Amino acid sequence: MRTGRGARAGQYAALLAYLVFLAFPFLWLVSTAFKSPRELGSLHPAWIPDDPTLANFRQAFDEQPLLHAALNSLLAALSAALIAVVVATPTAYVMARRRSALARAATGWVVVSQAFPFVLLIIPLFLVLKNLRLIDSVPGLVMVYVVWALPFALWMLTGYVRAVPAELEEAAAVDGAGRLRTLVSVTAPLLAPGIVATALFAFVTAWNEFFFALVLLKTPEKQTLPVVLTHFIGAEGVADLGPLAAAAFLATLPSLVVFAIIQRRITGGMLAGAVKS
Amino acid sequence: MTSVTEVRRPAGRPGPGRGTRRAVDHGPWFLVLPALIPILVLSVGPLLHGVLLAFTDAQSGRTEPTRWIGTLNFRDLLHDTLFWESFRIGLVWAVGVTVPQFLLALGLALLLDQDLRLRWLARALAIVPWAMPEVVVGIMWRLVYNPDAGVLNETLRDLGLGGDRDWLSGLATALPAVIVVGVWAGMPQTTVALLAGLQNTPRELHEAAAVDGAGAWRRFRTVTWPAIRPVALAITALNLIWNFNSFALVYVLTSGGPGGRTRLPMLFAYEEAFRYGQFGYAAAMGCVMVAAISVLLAVFLVGRLKGGDRA
């Protein structure tokens with residue numbers, strides 16, 4: 001398509017504006033994380049720190065149990081992602097391959113459940129987990145995360161299953177392969193990348209999650225990273241900016257790395273799930 | 001397409017085809033159970049339980065048994081001016097975030113669909129807000145808005161436009177300031193969805209329209225928009241729900257302050273439930289929120305679908 005030179009220039013200007021809008025808060029976070037306390041106190045903060053320092057990172061680890069919180073987050077997110085995928089894959093397979101009433105009901109619920117505010121969900125879960133003595137424990141949080149991750153895990157996986165042609169399975173059946181054999185040696189290998197992408201996506205969402213962790217975890221040693229991060233902000237909303245920025249920057253890195261890996265697959269999978277249902 | 005397969009199947013290979021069909025029939029029930037049980041026990045059940053709690057006087061840490069109190073919670077809510085103020089703020093926030101989010105994301109998606117240099121960088125950057133923990137997004141923008149060490153005031157000072165505002169504590173600026181953050185944080189999902197919709201638009205149609213001398217706006221109206229409309233409707237409806245129910249961003253940015261100016265309904269309900277222990281009352285708020293969002297969605301979808309028929 002032909003585009004005039006003026007229009008092109010306008011497009012580049014717009015793209016540049018978007019780049020600035022999207023990038024500047026993150027760049028400012030990084031910049032703040034490496035600034036010395038003296039510079040943070042000055043009235044003219046610069047984009048590039050005068051004398052970059054790692055002192056904020058050291059102080060962040062001294063002030064709050066960041067390492068411990070990161071381990072809690074890792075444990076919760078890994079378990080939730082693994083369980084969610086193990087539980088969701090067979091169901092997604094059925095939902096994709098058959099238009100049964102059950103599959104339709106499950107899909108309907110996935111959509112409807114989105115509309116409910118978390119308060120309605122968390123109060124009963126809080127009461128149930130309390131009875132099970134799973135309140136203030138990472139396993140209790142994992143249970144909540146699994147359920148919370150199931151809707152989009154089902155959604156994405158259903159899309160990935162649809163992308164595996166049913167004819168391949170039928171061909172294997174014609175060749176005399178049993179059902180299990182077909183699933184293991186034909187379907188599973190083709191589905192594996194999608195399963196990995198779904199698991200990683202579930203991992204990031206659980207790693208980032210805040211509300212449930214805030215409500216369910218009370219003991220400081222059990223809290224996850226996002227909850228511990230909020231402790232850097234004092235009661236009056238006054239925060240020690242340097243360590244706050246440093247800790248926030250570190251907490252983001254795992255999510256960014258994972259997202260960079262799966263970016264393409266996620267968008268592909270969500271669309272596959274969306275287009276056909 | 002369907003008719004062809006239907007005709008061919010019985011004629012082609014009736015034996016094995018039907019055999020696999022029947023074998024699959026036994027599968028679903030036990031395959032669905034692993035996901036169905038947790039969903040029933042930890043999602044459907046609790047949500048129904050939550051709705052029921054709205055009709056009780058359930059409180060945290062109470063020893064006496066919980067009693068049914070009918071619609072008392074709802075009648076109390078009716079007169080709770082603080083809640084309705086919070087509710088109004090929630091609506092302003094939800095619409096104020098969703099609309100700019102959509103327009104900005106549409107613009108970005110249209111740009112990313114073009115053959116521009118630096119497109120890869122924009123694509124990568126457009127994903128960043130999505131990957132970040134909401135808490136970090138909140139912290140990050142607190143640094144931007146910080147009255148002394150923040151980049152916003154520093155830039156304004158450089159431009160000679162004042163720059164001594166405390167954005168998040170000012171009564172007038174707090175809500176607009178958090179809305180900007182909401183827009184920023186939610187742009188990726190919307191952009192990705194719209195971009196995918198755009199890439200499904202047939203190129204030839206565009207070219208044909210261009211050859212016919214249709215201007216950019218007409219091409220957009222007649223070719224692009226009809227193609228992305230379903231995606232646009234779906235993502236906007238979802239955004240509306242997500243934004244109305246959002247919590248972490250504003251909790252970190254302002255905790256609902258100053259003076260309740262940014263106290264979204266979710267923050268209000270959270271405080272009611274977990275600071276004051278009023279489980280029943282908070283559940284009633286949740287019910288009102290579901291009802292409101294359903295009405296909002298119904299109005300939005302009906303309006304949009306009708307508008308589409310006329311266009």
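Trainee: Which residues have the most contacts inside the largest nonpolar core, and what makes a set of residues a nonpolar core?

Mentor: The largest nonpolar core has 175 residues, and A80(A) and A84(A) have the most contacts inside it. Helix α7 (residues 138-163) of chain A gives this core its largest share, 19 residues. The name applies to buried Ala, Val, Leu, Ile, Met, Phe, Trp, Tyr and Cys residues joined through C-beta atoms within 7 Å. Keep in mind that this is a predicted model: local features need pLDDT of at least 70, side-chain atom pairs count only at pLDDT 80 or more, and totals for chains, interfaces and linings use all residues. Residues are numbered from 1 along each chain as its sequence is written, while chains are lettered from A and ligands numbered from 1 in the order in which they are written.

Trainee: Which residues is A84(A) in contact with, leaving aside its neighbours within four places in sequence?

Mentor: V146(A), A149(A), L150(A), A153(A) and A202(A). Contact here means C-beta atoms, placed from the backbone, within 7 Å.

Trainee: Does P37(A) count as buried, exposed or partly exposed, and how do you know?

Mentor: P37(A) has 14 C-beta neighbours inside 10 Å, so it is partly exposed. Buried takes 20 or more other C-beta atoms within 10 Å, exposed 12 or fewer, and partly exposed is in between; the C-beta atoms are placed from the backbone. P37(A) belongs to helix α2 (residues 37-41) of chain A, and its C-alpha atom is separated by 54 Å from that of A188(A), 151 residues apart along the chain.

Trainee: How many helices and strands are there in chain B, and what makes a run count as one?

Mentor: Chain B has 13 helices and 0 strands. Of the 311 residues in chain B, 41% are buried.

Trainee: Why is helix α12 (residues 265-274) of chain B described as largely enclosed?

Mentor: Because 8 of its 10 residues are buried. Among them are M266(B), F268(B) and E272(B).

Trainee: Now the packing: at what angle do helix α4 (residues 81-112) of chain B and α8(B) pack?

Mentor: About 40 degrees, with the axes 6 Å apart. So α4(B) is oblique to α8(B). Angles under 35 degrees are roughly parallel, over 145 roughly antiparallel, 65 to 115 roughly perpendicular, and the rest oblique. Axes are lines fitted to C-alpha atoms, for helices over the stretch in contact, and angles run from 0 to 180 degrees between N-to-C directions.

Trainee: And what about helix α6 (residues 134-145) of chain B and helix α8 (residues 174-199) of chain B?

Mentor: Their axes come within 11 Å and cross at roughly 135 degrees. That makes α6(B) oblique to α8(B) too. The residues of this contact divide into 6 nonpolar, no polar and 1 charged. By class, Ala, Val, Leu, Ile, Met, Phe, Trp, Tyr, Cys and Pro are nonpolar, Asp, Glu, Lys and Arg are charged, and the others, Gly among them, are polar. On the α6(B) side stand E134(B), V137(B), W141(B) and Y145(B), which meet A177(B), V181(B) and A185(B) in α8(B).

Trainee: How many residues does the contact take from chain B and from chain A?

Mentor: 75 residues from chain B and 71 residues from chain A. Helix α2 (residues 14-53) of chain B supplies the largest share of the chain B side, 22 residues. That side has 59 nonpolar, 12 polar and 4 charged residues.

Technical notes: Helices (H or I, at least four residues) and strands (E, at least two) are DSSP runs, numbered from the N terminus. Two residues are in contact if their C-beta atoms, placed from the backbone, lie within 7 Å.
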